[in-house]
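Here is a friendly tour for someone meeting this structure for the first time. Have the sequence and the 3D view at hand as you read.

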Amino acid sequence: DLIPLAKRESFHLLIGSRLFISTPPPEMEKMIFFIVDNMNRGSKIIDDVDQKWEVAQLNLEAGEKALSASAFHSAAKYLLAGLSLLGTDSWEAKYNLTIRLYDAASEALFVIGDFSRLSELTEKPLLYARSFEDKLNIHNNLVRALAASSKFDEGIGKCVEIVSQLGEVIPIDLTPDVYVYEVDQVKQLLNGKSRQELLSLPKMSDPQKLAAMQFMNHGLTMSYVARPLLNPILVFRMVKMSIEHGMCNISAFAFACYGAWLVSEPTCDVEGGHRMGRVAIEMMNRLSAVEMMPRLYATVFGFINIWVEPWQAGQQKHVEAYNSGVATGDMEYAFVNINQYAFKAIYGCGENVESLSQNMQAYSKRAFQCGQRPAWLSFIVFHQLTLDLMGIEQNAFLAYSDGMTEDSCFTHCRDNKITSMCRLICCKKKYVAFLTGNMDTSARMFDLYHDFAVGPVGRLVNIIVSVFIDGLIGFFFARKHGEDEVKWTSVGLDAIQTVRKWVESSDWNFANKLYLLEAEYCFLRGDDDNAMARYTASVKAAREHRFIHEE
């Protein structure tokens with residue numbers, strides 16, 4: 001405050017410059033932020049081109065250090081300041097500095113959710129970068145922004161286009177013959193390979209293959225949400241590429257996704273999928289691929305282990321993966337793990353609804369701030385679910401948009417073919433309707449839900465519990481002995497057959513559900529003694545296995 005306003009910029013520039021000159025290289029890392037902060041406060045009065053480039057270089061170093069420390073907002077500030085110092089000739093005179101600033105700035109802007117500025121910033125590098133390879137980091141962050149903005153078709157199209165330019169052509173017309181061919185190809189490559197052989201694969205070194213793996217990695221989540229038939233094709237290609245060209249950090253995620261496919265319909269190879277999940281986590285650990293933890297934990301503990309291990313056992317893993325994703329900048333899968341936690345907490349484990357409601361409200365705000373639209377919408381649906389279960393008449397959607405409701409959100413998702421969100425809302429409405437005794441609505445949601453089939457991709461806990469609820473709905477309406485009794489009895493019996501198969505892999509998670517379905521069937525047939533015995537067994541199993549909400 002003692003320095004006149006007119007002289008402050010020159011004073012800070014002088015301080016920063018003298019510190020820069022006098023600081024020995026070993027001390028520069030400790031002083032970099034203080035030096036750059038002072039220089040930036042005086043950067044507007046720098047006229048010398050060489051000095052501008054020098055300060056831009058210091059901002060790059062400060063920005064990259066901030067990125068490595070997960071200080072993403074600070075990183076964006078430094079990197080954008082560095083870009084502001086570049087002249088129109090920097091693409092010729094200082095190419096490496098320029099492309100590195102753009103690459104790092106796009107990464108920081110993605111993580112903090114500033115997608116509009118990211119879109120503007122990427123125009124120049126896509127125009128002036130000297131090679132396709134030099135544009136890949138920019139494309140990488142643009143694709144991630146498209147996914148976070150729910151622009152799935154555009155994002156998938158961009159991924160497929162880039163992967164094709166990298167030499168890996170992904171089939172778009174997915175006929176049954178194409179699907180069978182892709183399955184056969186990956187199974188032949190894996191046939192007979194032991195765990196040790198998979199873990200001993202050489203390292204992938206081809207830059208184009210590494211880049212292709214990165215873009216297929218981004219395509220996985222978008223295809224799961226919007227194009228479920230494409231999702232396993234990408235998984236097969238990633239596994240195939242890892243076996244043929246060596247493994248990289250993303251390979252661990254690919255093998256985990258393959259395990260998730262194995263446990264899903266129609267394969268239902270729980271043992272094989274569980275084995276592949278263990279291989280994937282060991283591969284991640286051997287590669288020290290800590291940045292892949294959010295993706296692996298979401299897949300292994302959210303899609304695979306739920307068929308073998310108690311649902312309660314994986315909850316802490318999702319919390320760990322969320323914290324890891326926040327630290328490494330993988331906000332997409334940080335929130336995916338909270339989604340997984342919520343699915344199991346609400347539908348599977350029966351955790352306290354009031355505390356879950358508060359948490360879902362907080363996470364929806366965080367996802368909104370980070371620009372992660374798919375996660376944000378999911379958390380609002382979860383928040384609405386908790387409010388409905390507590391009997392609180394409140395529209396959770398209004399906090400973000402006037403006039404927005406669950407029904408208008410569903411219509412938007414249906415019109416834009418966001419099938420996973422349509423499934424989520426149908427499943428939620430069916431669940432609430434059943435628990436609150438609104439059986440006609442539960443029946444309508446049963447019919448509507450099947451318009452959004454899961455396909456050959458992993459099933460989450462809410463989808464699993466939905467099958468159980470379907471069986472209970474079926475037996476309820478069958479007991480009315482109406483003209484649709486055969487239909488509803490068939491729904492109930494199908495659920496019994498399905499859950500009986502699940503019990504073989506996890507008695508803990510499914511025994512109480514099977515007993516209850518069997519009790520309802522006995523009740524339908526008038527076999528009261530067996531019905532009572534199974535009701536009692538169901539209550540006992542639910543209590544012993546800590547499913548208190550299903551007692």
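## E518 in helix α27

E518 is buried, at a relative accessible area of 14%; buried means under 20% relative accessible area, exposed over 50%, and partly exposed in between, using a 1.4 Å probe and protein chains only. This residue belongs to helix α27, which covers residues 507–525. Helices here are DSSP runs of H or I with at least four residues, strands are runs of E with at least two, and both are numbered from the N terminus.

Which residues does E518 touch, leaving aside neighbours within four places in sequence? They are I496, R500 and R534, where contact means heavy atoms within 4.5 Å. P228 lies 290 residues from E518 along the chain, and the C-alpha atoms of the two are separated by 33 Å.

## How to read the model

This is a predicted model, so local features need pLDDT of at least 70 and side-chain atom pairs count only at pLDDT 80 or more, while totals for chains, interfaces and linings use all residues. Residues are numbered from 1 along each chain as its sequence is written, and side-chain values use heavy atoms, with hydrogens and water left out.

## The chain as a whole

The chain has 28 helices and zero strands. Its radius of gyration is 27 Å, close to the 24 Å that the globule rule gives for 551 residues, so the chain is as compact as a globular protein of that length. That radius is taken over C-alpha atoms, and the rule is 2.2 Å times the number of residues to the power 0.38. Along its principal axes, the C-alpha trace spans about 95 × 55 × 40 Å.

Of the 551 residues in the chain, 55% are buried. Looking at contacts between residues at least 6 apart in sequence, 68% join residues at least 24 apart. The chain exposes about 24200 Å², with carbon and sulfur atoms supplying 52% of it; these areas come from the Shrake-Rupley method with a 1.4 Å probe, and for residues only the protein chains shown count as cover.

## Helix α18 and its cover

Helix α18 runs over residues 315–328, so to speak 14 residues, and reaches 20 Å from its first C-alpha to its last, close to the 20 Å expected at 1.5 Å a residue. The expected span is 1.5 Å times one less than the number of residues.

Which residues of α18 are buried? They are Q315, H318, A321, Y322, S324 and G325. Their cover includes α17 (293–304), α19 and α20 (353–369). After α18 comes G329, with a positive phi near 90°.

N339 sits in helix α19, residues 331–349, and is buried at a relative accessible area of 11%. Beyond its neighbours within four places in sequence, N339 is in contact with A375, S378, F379 and F382.

N462 is part of helix α25, residues 461–478. With 2% relative accessibility, N462 counts as buried. Leaving aside neighbours within four places in sequence, the contacts of N462 are F343, Y347, L424 and C427.

S70 is not a glycine, yet has a positive phi of about 65°. You can find S70 in the loop between α3 (49–68) and α4 (72–84), where this residue counts as partly exposed at 26% relative accessibility. R546, in the segment after α28 (528–544), also has a positive phi of about 65° without being a glycine.
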